[in-house]
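Let's take a walk through this model together. Have the viewer open and keep the sequence at hand.

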Amino acid sequence: MSPHAIADESTLSIDRAKFGVTRNAFLPEDSPATKLEHPSYQPWEDIAKDLPSLIDNGSIRERVAKLPIISTDALVGEAEWRRAYSMLAYITNAYVWGGDKPEEILPPQISVPFLRVSEHVELPPVLTYAGANLWNFTSTSNDFSEIDNLQTLFSFTGTESESWFLLISAAMEAKAAGILDVMVRAVHAIKTRDYALITDALYQLRECIEKVGRLLERMYEKCDPMTFYHRIRPFLAGSKNMGNAGLPRGVFYDEGSGKGEWKQLRGGSNGQSSLIQFFDVILGVEHTSHGAPNFHREVRDYMPGPHRRFLVYVEQLGSIREFAMSTSPDVTPDQQILRDAFTAATDTLTNFRNKHIQIVTRYIILPSKQPWTGKSLQNLASSSSKSASSEELTGTGGTPLVAFLKQSRDETAAAGILSNP
C-alpha cells in the first residue's frame, strides 16, 4: 500500500475541514490563488510583481510610502486571504531588509492590512514557512510533488535559485500526501492492539520520509549556495534576536494615529513545517532544549491555526512508541516486528535530519567563510558572518543554527532506542 493511497472518505479518521488538512497533506487542496480579483488590491499586486527590481534599485520603501491604506473587506475566500498574507509578508520583509540598513518601522500602509490578514489566517505578521512555501506556488498539474510543474508566486530576487529553494519544500510537503491519514488510523489501532496495521503504517511512514529526503537532496540541482546565502537568505530573517543585524527592538508595526506595537518575530524556517513536527509527534520524538519555551513548541505559533491544532489532536490520541515498548511479559513475534518497523522509521527520520545538516553546511556554513563581491547589506548574512565559528551561526528562525540541528537529530535518534519498562 502506497503512502499516497487514500482510503474511502467514510473511513478517514481526520476531520479535514476542521484541521486544514487536504489530499496534499498541509498544502492547499488546489493551487493557491494567482491574483486578488478586486481592483483595489492592484497596488499590492504591482509591488509584489516588481519586488526584485524594487529591491535592486533601492526604491522599495519609496514605493510602499506611496500606497494608500487598503481595506481587507474585499478579500473573498480563504485562497485570497492566504495570497494577501503571503504578498504582504514578502512586501514587509523586502521593506525591512531591502536597504543599506534595516528599517525598524513598518508604515501603516502595510501594518494595518497585514495585521488584519494575519489575524484572519492565524499567523504572525511576518514571512513564515506557510507564507513562503505552503501558499507561494502555482502548479500546472494536480500533483504538487512534481517540482518541475511548480512555479513561485512571489520572490525577492527573481532568481532560479530562490524559486528552486522554495519549491523543493512545497514538493516535499506534497510527497507526504496520504501519510497523515495512514498514521492517524495507526494510532487509533493502538486501542485494538492491531500490530499488523500499525506495523504496515510504520513501513509506509519510513518510505514516505525516504521520498521526502530524496527531494531535499535535489536542492543542489538549481540552487546556488552563494546566491542563496548572500542574496536570498537575508530576506527570510525575522526580527527576533536580530540586534546584531540592526534591529535591537525588533520592528514597530505603525498603525497610525499614535497606535502601534514593537514586535520581535522569528523568520521563516523549515522548523515551522507541520509535516516535520507530525513525524516527530507520531514517533514520540521529544525535543527538550533550545530555550524557554521549547523552540519546537514555540514555532507552532508560526503555523496556520488549524495545523497546530491538528498536531495537538494527534498528540492526544496515544503513543506508538509507548506501545512498541510495552511487553507482557516477553516480546512476541508480532511485537518484535512492530518494534523493528518503529526503529527503522525513526532511523530514517534521523537520516533525514542528517541530510538537512549537510544542506546547511553547503548553503550556510561554507558560504559564510567565503568572500563575497556583491552588494553588501546590513542583514542576517553579514551579521552571521561575524560569528567566530559555525556553531554560532544564527538560523532564520533566530536559533543557534548548527547546535539546534544537531541536537534535534540526536533527540530523534534517541526516540528510536526502545527499552523495556
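What follows starts with confidence, moves to the sheet and the helices, and ends in the core.

First, some bookkeeping. This is a predicted model, so to speak of local features a pLDDT of at least 70 is needed, side-chain atom pairs count only at pLDDT 80 or more, and totals for chains, interfaces and linings use all residues. Residues are numbered from 1 along each chain as its sequence is written, and side-chain values use heavy atoms, with hydrogens and water left out.

On confidence, pLDDT is the predictor's confidence in each residue, from 0 to 100. The chain averages 89, and 89% of the residues score at least 70. Residues 1-12 stay under 50, and the model gives them 25 contacts (heavy atoms within 4.5 Å) beyond four places in sequence. Over residues 381-391 the pLDDT is also below 50, with 22 contacts beyond near neighbours in sequence. Where pLDDT is low, the predicted coordinates should not be read in detail.

Now for the sheet. Helices (H or I, at least four residues) and strands (E, at least two) are DSSP runs, numbered from the N terminus. Two strands pair if DSSP finds at least two bridges between them. The sheet is open, with three strands in the order E1-E4-E5 and mixed pairing. E1 (105-106) and E5 are at its edges with a single partner strand each, so one side of each has no neighbour in the sheet. E4 and E5 (residues 259-263) pair in the antiparallel sense over five bridges. Within that pairing, valine 251 stands opposite lysine 263, and phenylalanine 252 stands opposite tryptophan 262. The two strands form a hairpin with two residues between them, and serine 257 in the turn has a positive phi of about 55 degrees.

Helix H5 lies across E1, E4 and E5, running at about 90 degrees to E4; axes here are lines fitted to C-alpha atoms, for helices over the stretch in contact, and angles run from 0 to 180 degrees between N-to-C directions. In the loop between H5 (108-121) and H6 (129-134) you'll find glutamate 122, a residue other than glycine with a positive phi near 60 degrees. Its relative accessibility is 28%, which counts as partly exposed (buried means under 20% relative accessible area, exposed over 50%, partly exposed in between, with a 1.4 Å probe and protein chains only). Asparagine 241 has a positive phi too, of about 60 degrees, and lies in the loop between H11 (225-232) and E4 (251-256). Most residues other than glycine have a negative phi.

H11 itself is largely enclosed by the rest of the structure, because seven of its eight residues are buried. Elsewhere, H2 (residues 42-56) and H4 (residues 77-97) pack at an angle of about 35 degrees, with their axes 10 Å apart. Among the residues making that contact are Trp44 and Leu51 of H2, and Met87 and Tyr90 of H4.

Finally, the core. A nonpolar core is a set of buried Ala, Val, Leu, Ile, Met, Phe, Trp, Tyr and Cys residues joined through side-chain atoms within 4.5 Å. The largest one has 131 residues, and those with the most contacts inside it include Leu205 and Phe278. Leucine 205 touches residues including Ile179, Phe279 and Ala345. Leucine 311, in H14 (residues 305-315), is buried at 0% relative accessibility. Leucine 311 and phenylalanine 278 are 33 residues apart in sequence, yet 6.4 Å apart in space, C-alpha to C-alpha.
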